[in-house]
Amino acid sequence: MTTTQIQNLPTEMKAWQVTTPGPIDGAESPLAFVTKPVPTPERGEVLVKVLACGVCHTDLHVTEGDLPVHHEHVTPGHEIVGEVVATGPETSRFQLGDRIGIPWLRWTCGVCEFCRSGRENLCPNSLYTGWDHDGGYAEYVTAPEGFSYRIPDQFDNITAAPLLCAGIIGYRAYHRANLPAGGRLGLYGFGGSAHITAQIALDQAWKSTC
Ligand SMILES: [Zn+2]
Ligand SMILES: [Zn+2]
């Protein structure tokens, strides 16, 4: 199978990129608003037109240089909701027009001990959206279909976007806490993840009493 795409797909797009990592409030902004080519989906990837992209503190770490540069002039952003506008070779999961989410974890090797035991977030070969590869502060972005999520209709774009990093992290922590029915849950710090986890926990508590 080869690439399938919508008609009239542009060849260029607007995007933010990290020109030189540094303080976001410094004399020179580390970010630049540029025109660059619309990326082409590679084997197993889809091309998405970005509809919404959340802001995570890790985007600030990438932009300010707290994290080492993995991809020069990278476009940050890894809480992405968008519409599939092209499917690359050897893809089958999504159709043109599908609304999907692209998370922080972009790819893992699939064969290491962590990947094979459901702990792929610990994979030593993992790649990340908006750090190793261009992210969602752009009009278009590519992602492996196997690491993307179908977005249920009941979520609008802006509501769904933070679930792609803050939500996933919080849900995993909540799951690992293995909270017994009627148990107490402590949330330490109250950032993007905890405010979502609190809602999930309350929802689960409500369901367990019905
Ligand atoms: Zn994040
Ligand atoms: Zn692995």
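Which residues make up the largest nonpolar core? In this predicted model, where local features need pLDDT of at least 70, side-chain atom pairs count only at pLDDT 80 or more, and totals for chains, interfaces and linings use all residues, the answer is a set of 10 residues: Val 46, Val 48, Val 50, Ile 80, Val 84, Phe 94, Ile 100, Ile 102, Val 141 and Ala 143. A nonpolar core here is a set of buried Ala, Val, Leu, Ile, Met, Phe, Trp, Tyr and Cys residues joined through side-chain atoms within 4.5 Å. Residues are numbered from 1 along each chain as its sequence is written, and side-chain values use heavy atoms, with hydrogens and water left out.

**The core and its strands**
- Strand 4, strand 5 (80–87), strand 6 (99–102) and strand 9 each give at least two residues to this core; strands are DSSP runs of E, at least two residues long, and helices are runs of H or I, at least four, both numbered from the N terminus.
- Strand 4 supplies the largest share of the core, three residues.

- All five of the five residues in strand 9 (residues 140–144) are buried, where buried means under 20% relative accessible area, exposed over 50% and partly exposed in between (1.4 Å probe, protein chains only).
- Cover is found on both faces of strand 9, with Tyr 140, Thr 142 and Pro 144 on one side and Val 141 and Ala 143 on the other.
- Strand 9 pairs with strand 4 (residues 45–53) in the antiparallel sense over five bridges; pairing takes at least two DSSP bridges between two strands.
- Within this pair, Tyr 140 of strand 9 has Lys 49 opposite.
- Beyond its neighbours within four places in sequence, Val 141 is in contact with residues including Pro 39, Val 46, Ile 80 and Asp 134; contact means heavy atoms within 4.5 Å.

**Gln 17**
- Gln 17 lies in strand 2 (residues 12–18).
- Gln 17 counts as buried because its relative accessibility is 13%.
- Not counting residues up to four places away in sequence, Gln 17 touches several others, among them Pro 30, Val 34, Lys 36 and His 73.

**Helix 3 and helix 4**
- The axes of helix 3 (residues 166–177) and helix 4 (residues 192–208) come within 8 Å and cross at roughly 50°. Axes are lines fitted to C-alpha atoms, for helices over the stretch in contact, and angles run from 0 to 180 degrees between N-to-C directions.
- Residues that meet here include Ile 169 and Tyr 174 in helix 3, and Ile 196 and Gln 204 in helix 4.

Definitions and conventions:
Chains lettered and ligands numbered in written order.
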